[in-house]
Amino acid sequence: MSKMEVKTSLLDNMIGVGDMVLLEPLSEDSFIENLKKRFDHNEIYTYIGSVVISMNPYRSLPIYTPDKVEEYRNRNFYELSPHIYALADEAYRSLRDQDKDQCILITGESGAGKTEASKLVMSYVAAVCGKGQEVNKVKEQLLQSNPVLEAFGNAKTVRNDNSSRFGKYMDIEFDFKGDPLGGVISNYLLEKSRVVKQPRGERNFHIFYQLLSGASEDTLRKLKLERDFSKYNYLSLDSAAVNGLDDSANFRTVRNAMQIVGFMEDEVQSVLELVAAVLKLGNIEFKPESRVNGLDESRVKDKNDLKEMCELLGIEQGVLERAFSFRTVEAKQEKVSTTLNVAQAYYARDALAKNLYSRLFSWLVNRINESIKAQTKTRKKVMGVLDIYGFEIFEDNSFEQFIINYCNEKLQQIFIELTLREEQEEYIREGIEWTHIEYFNNAVICDLIENNTNGILAMLDEECLRPGTVTDDTFLDKLNTVCAEHPHFESRLSKSSKFLNDHSLPHCCFRIQHYAGKVLYRVEGFMDKNNDLLYRDLSQAMWKANHSLMKVLFPEGNPSKVNLKRPPTAGFQFRASVGTLMRNLQTKNPNYIRCIKPNDKKAAHIFTEALVCHQVRYLGLMENVRVRRAGYAFRQPYEPCLERYKMLCKQTWPHWRGPARDGVEVLLKDLQIPVEEYSYGRSKIFIRNPRTLFTLEEVRKQRLQDLATLIQKIYRGWKCRTHFLLMKKSQVTVAAWYRRYAQQKRYQQVKSSAIVVQSFIRGWRARKILRELKYQKRCKEAVTTIAAFWHGTQARRELRRLKEEARRKHAVAVIWAYWLGLKVRREYRKFFRANAGRKIYEFTMQRIMQKYFLDLKKTMPSMSPIDKSWPARPYLFLEDTHEELRRIFHLWRCKKYRSQFTEQKKAIFEEKLEASEMFKDRKALYPSSVSQPFKGDYLEISKNPKYQKLGSLVEEKIILADTVNKVNRANGKGAPRLFLLTKNSLILADQKSGQIKSNVPLDDIGSVSVSSQSDGFFALRLKEGSAAAAKGDFLLSSERLIEIVTKLHRTAASTAGRSQIRVDITDEFLVQFKQDKVCVKFVPGGPRNGNSATCKRKNNRLLEVSVPSP
Ligand SMILES: Nc1ncnc2c1ncn2[C@@H]1O[C@H](COP(=O)(O)OP(=O)(O)O)[C@@H](O)[C@H]1O
Ligand SMILES: [Mg+2]
C-alpha cells in the first residue's frame, strides 16, 4: 500500500464506539446504547478487543462486495472499521504467516447469524487465499458442501427460517503457502426427532420440500412420489411454504452443489431414494388385530405405501411387515419373539424413519469429507470454523434442547477460558504485570451436566441401563435426589424443597439456570431419545435390503456381527464428541464471533433492547469488556501508535528517526500524560484508561485541525504566489507582445508614409523629366514644322515663280501667235474674197449633215411599232431634228403595220380600243383583259348539240355567248346562266337545259353599272317602264366582264336610232329588284375564298360584294 493512501482507523469516523473497550463510561446501558446506535447506522459489527460482535441485520447489506474484500485484505485488525472480514483476515494471516492453527468460534442464539457468519468467513478466506486451477477446485468443493448440508440438516423453526439442526465443525486445511488443500467436517447430533414430528409453525428438513417441488416429473415417478406435500404425514403443512425461500430453485442448487462436491449420479439417486423412503414410511399406518391371547397385534393398514417403500429400498415386503408386528428379544442365547401393539409399531416406524434419515445425514457428511479431504500428506495448518446450533429456549424444551444448550454451555466455558488465558498470555508476553479480574465462570453448570458421577447425563445413562421399569419419571426422581443441592438445578420436587411452591415449575420438569438463562426441560422422552432404540428386527431388515446404501447405514443389522452389548446412548456419544471438540479447540488460536439477534421477528431495522440486553448479559460481553479493561483498556504496537500521534510533539513531527518505542516515550512525556496511565510492553504500548486515549484523540483532532489550517495556509500562499507569478509572467508576455505589436504598427506606418513621400517625390521628379522631355519633343517638332513650313514656303514661292514664268511664256506664245496671225491675216487679206467665210461654213455644214444621214441610215431601228430604240444624236445642235425624225419614223412604221391588218382584225382592235377608252385606269379588272382576245362565242352554240334547241330559238347572229353567274337577289349566291348577245337583244338561258330564262331587247337596257375594282360583277339596269323592267334589274358576274360590257356597248351603238347604253363605273350603286331598290356595295376584303369576289345579302337594302385585294 502506498504511503500516500489515506488510512482510516478504527478511531476515525466512528459511529458510537467501534471497540467496546473504549466505551466511556462503561455500563450496560451505554453498551446497549452503543450497539443500537451502530445498528441503526448499519454498523452491525463492533469489537470487544479482538472479539467481533455481530448483529443480525435480517437484510442484505452492501458490505460483502469484492471491493470490501480487497479493502480488508492484508490490513491490520484495528486499521479499518469493524468487520467480520477483519477477523477472517487476521485469522488467515496469522495462520499463514505465524504458522498458528486457528479456530473461529461462532456463538449466539438460534437465528443470530452464526451460519451466515461462518459462510462469510469461509468465502473471505476463499477469496484471499491462493489461486490456481487445483486450488480453485478445492475452494469450490469446500464452499459447495454448505448448500448440501444445509438442505439435509437445516429446517425452518420459529426462530430462524434456515436454522441449522446439527452442529458443524469444519477444519479447512492449508499448505505452508496458505493455499487450501481440503477440509474435514464433523457433525454433531442432528435433531432427528424433526423427521417425524415438527412443532407448530416449523417445518421438516428442507430437502423433503425441495425434492417434492423441485424434482422433475420423471424423477418423482421413479421415486414413486407425488408433488403434493399434503400426501405425506411427516410433512407439516401449516408452514410448508416459507417466504423468501424458493424450494425448487434450491433443489437445483443442491443438485448442482452435489455434482461439484463429487457425488456420482447413482449416489445422488440413492440418496433421493432414501429421502423418498422416509416419506413413504411416514404414510404407513397400523391397525390392531386381536390375538387369541387377548393382546392386540398391529397390522399394516394399507400395504401400498409399504410396498412402494420396499421397492424403493429393495426390501422384501414380508420381512419389513413382520418387523412391524413382532420383535425378537435375544437374551443369553435365547431368542424370544414378542408381538408389537399398534403404539409400539408406530414407535418402531418412527424410530426407523429417524434412524434412516440421521444415518443418511452422517453418510452424506462422510461422503463429502471423502471428496474434500486433503490429497497430500504434507504438514498442514488448520483453520476450524465452528457453527453449532445456538442456545435454544422454547416453550417446550426436550432432550434436544438440553443437549444443544449443554454444547453452548461448553462453548461459553471455552470462551471464558481462552479469552482470559489469551489476555493473560499477552501481558506475560509483553512483560506487564497481571491483575486478576472477577467474572462469572459457568464451569459449575458444565459440571452439573457432564460430571461423570453425578452429572445429569450420567444419571440419564444410568437410568437407561438400569434393569427393571425405568421411565422418564424415575429419571426425574433420581435428579431430584442427586442434584437437589446444586445452585443451578431447580425442580418442584427436589430434595431441597426450595421450589415446592414455585408454580412456574411443573412436576414433570426440571429447570437449569444456564449461563444464558433459565431453561425448563420436560423429562418426557428423555429416556427414549437417549436410548435411541431401533429394534434389531428392523435394522436386520434394513441390512438385508438390496440397496447400495443400506448395508453401510445399518451395519449392526448384519446377523453375523450380532452384538448383544447396548450401543452407547445418545447423551454419551454427544458428551464424548463435545469433549473431543473442546480439546481440539483448545489447541488452536481462537477467534470469536458473538452473534446477537436484534429482535424475535426476523425483521430488519428492529432493535428490541430487552432482547439484546439479555443476550449481552448471558454472553458475558460486559465481563469480556471489563476483563479487557481491567489491566489496560487499549494497546497498540508502537509503530502505528507513533504514526497516529506523532504530530502531537515537535520532536516526533514530521519524522521520528529511531526506534518507534523511543518515539512513543518522547511523545507521551511531551504530552505530560501521567506515568501511571500507561506502560510500555515489549512491542505495544498499553494505555490503562480509555479517557487517556480519548484525550489523545481529542488533542490529535485539534492538532489535525491546526495542521489542516497550516496546510491550508501554505497551500493558499502557494496558490496565490503561483497565481501571482503566473499573472506576472503573463503580464510580461502580454506587454512584450503588445510592444512588439505597437512597434510593428508604427514601423509599418512610417514605412508606408515613407513610401508615399517617396512616391510623391519620384512622381514629381518623373513629371519634371516628362515635362522636360515633352518640351524637348515639342521643340523638335516645332523645328520640324517650322522647317517644313519654311520649305513649303520656299517650294511654293519657287512654284509660283515657275508658274508665273510658264504663264508669261504662254502669254508670250499666245501673244506671239495672235501677233503672227494678225501679221499673216494682214499679209494674206488681199488674197481672199469677202464671203469666203460663209462658203466654208456652208460647206462644212453640208458635210456634217451628209455624214449624219448616212450614219442614221446605217443605224436605223427595226420596223416593229413597239421597238423603242433610236440612235444617239451626234451633235447638240441636231437635237430637235433628231427627235422629229424619230416621231416621223414611228408614225410611218405604224402606218406600214396597220396597212397589213384584215377587216376582221381591225374590228377586233377597234373593240379593244373601245374597251380601253371605257375602262383603262378606271377599273382594276381591265389590265388582265388586254392580252385576252375577244372571242365572242365561247359556247359554240351551233356546234354544241346540247344547245341545239337554244340555237334554233335565236334567229339572229350571236355576237357573244358565254356562261355568267346570275346573282340570286335573296342571298347573293350565284347561279350559272348562259349569256347570249345578239344584235337586238340579250338572252339569259339555263345552263343545263338551254331553256331561255329571259330575253331582254337591247332598247330596254338603260345602263350598265360596274365597280372600279377587280371583280366581275355588273348590273344591267333596265329602263323604267320597259317591258323587261317588271322583273327588275339583273346582277350578273363574269370573268369576261370587260368583253361583255364592251360588246354590249358597241352593239347598242352600232344600230342607228338606238339610244346609247351608258356605262357607270362606281363602287356603290342602286339596283331595282322588283319593288325594292337595293344598294350594291363593293368593299375590299381578304383573299378568303380563293381570288373570286363573294356577294352577300346583308339586309333588305344592302348587298355587299367583298372583293379580294389583288
Ligand atoms: N450478516 C448477515 N447479513 C444479512 N442477513 C443475515 C446476516 N446474518 C444472518 N442473516 C439473516 O438471518 C438469518 C439467520 O441466520 P443464521 O446464520 O441461519 O442463524 P443461526 O445460524 O445463528 O441460527 C439468515 O437466514 C439471514 O436471513
Ligand atoms: Mg445456523
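Strands (E, at least two residues) and helices (H or I, at least four) are DSSP runs numbered from the N terminus. By these criteria, strand E2 (residues 51-55) is mostly covered, with five of its five residues buried. The structure is a predicted model, in which local features need pLDDT of at least 70 and side-chain atom pairs count only at pLDDT 80 or more, whereas totals for chains, interfaces and linings use all residues. Residues are numbered from 1 along each chain as its sequence is written, chains are lettered from A and ligands numbered from 1 in the order in which they are written, and side-chain values use heavy atoms, with hydrogens and water left out.

Confidence may be considered next. The pLDDT is the predictor's confidence in each residue, from 0 to 100. The chain averages 87, and 97% of the residues score at least 70. The lowest confidence in the chain falls in helix H31 (residues 948-953), with a mean of 77, and the highest in helix H9 (residues 247-261), at 95. Over residues 1-7 the pLDDT is below 50, and this stretch has five contacts in the model beyond near neighbours in sequence; a contact means heavy atoms within 4.5 Å.

Strand E2 belongs to an open sheet of seven strands, in the order E1-E2-E16-E3-E12-E6-E7 and with mixed pairing. Two strands pair if DSSP finds at least two bridges between them. The edges of the sheet are strand E1 (45-48) and strand E7 (180-188), each of which pairs on one side only. Neighbouring strands are turned by 20° against each other on average, direction ignored; axes are lines fitted to C-alpha atoms, for helices over the stretch in contact, and angles run from 0 to 180 degrees between N-to-C directions.

In a regular strand the side chains alternate between the two faces of the sheet. In E2, both faces are covered: Val51, Ile53 and Met55 are buried on one side, and Val52 and Ser54 on the other. E2 pairs with E1 in the antiparallel sense over four bridges, and Tyr45 stands opposite Ser54 of E2. The hairpin of E1 and E2 has two residues between the strands, and Gly49 in this hairpin takes a positive phi near 60°. E2 is also joined to strand E16 (residues 589-596), by four bridges in parallel, where Val52 has Ile593 as its bridge partner. Elsewhere in the sheet, seven bridges join the antiparallel strands E6 (residues 167-174) and E12 (residues 381-387), with Met170 partnered by Val385 in E12.

Helix H5 lies across E6 and E7, running at about 15° to E7. Gln144 is found in H5 (residues 133-153) and counts as buried because its relative accessibility is 16%. Leaving aside neighbours within four places in sequence, Gln144 is in contact with Ala257, Ile260 and Val261.

A nonpolar core is a set of buried Ala, Val, Leu, Ile, Met, Phe, Trp, Tyr and Cys residues joined through side-chain atoms within 4.5 Å. The largest such core has 209 residues, and those with the most contacts inside it are Phe31, Phe152, Leu320 and Phe510. Helix H13 gives the most to this core, with 15 residues. Another core, of 31 residues, lies apart from it and includes Leu925 and Val1063. Asn369 is found in H13 (residues 342-372) and is buried, because its relative accessibility is 13%. Residues up to four places away in sequence aside, Asn369 touches Gly183, Val184 and Ile185.

The magnesium ion (ligand 2) is coordinated by Thr115 (OG1) and Ser164 (OG), at 1.9 to 2.2 Å. Thr115 lies in helix H4 (residues 114-128) and Ser164 in strand E5 (residues 163-164), so the pair ties together parts that are 49 residues apart in sequence. Both Thr115 and Ser164 are buried. Donors are N, O and S atoms within 2.8 Å of the metal (3.2 Å for Na, K and Ca), and sites may look incomplete because water is not among the atoms.

Note on methods. Buried < 20%, exposed > 50% of the residue type's maximum accessible area, 1.4 Å probe, protein only.
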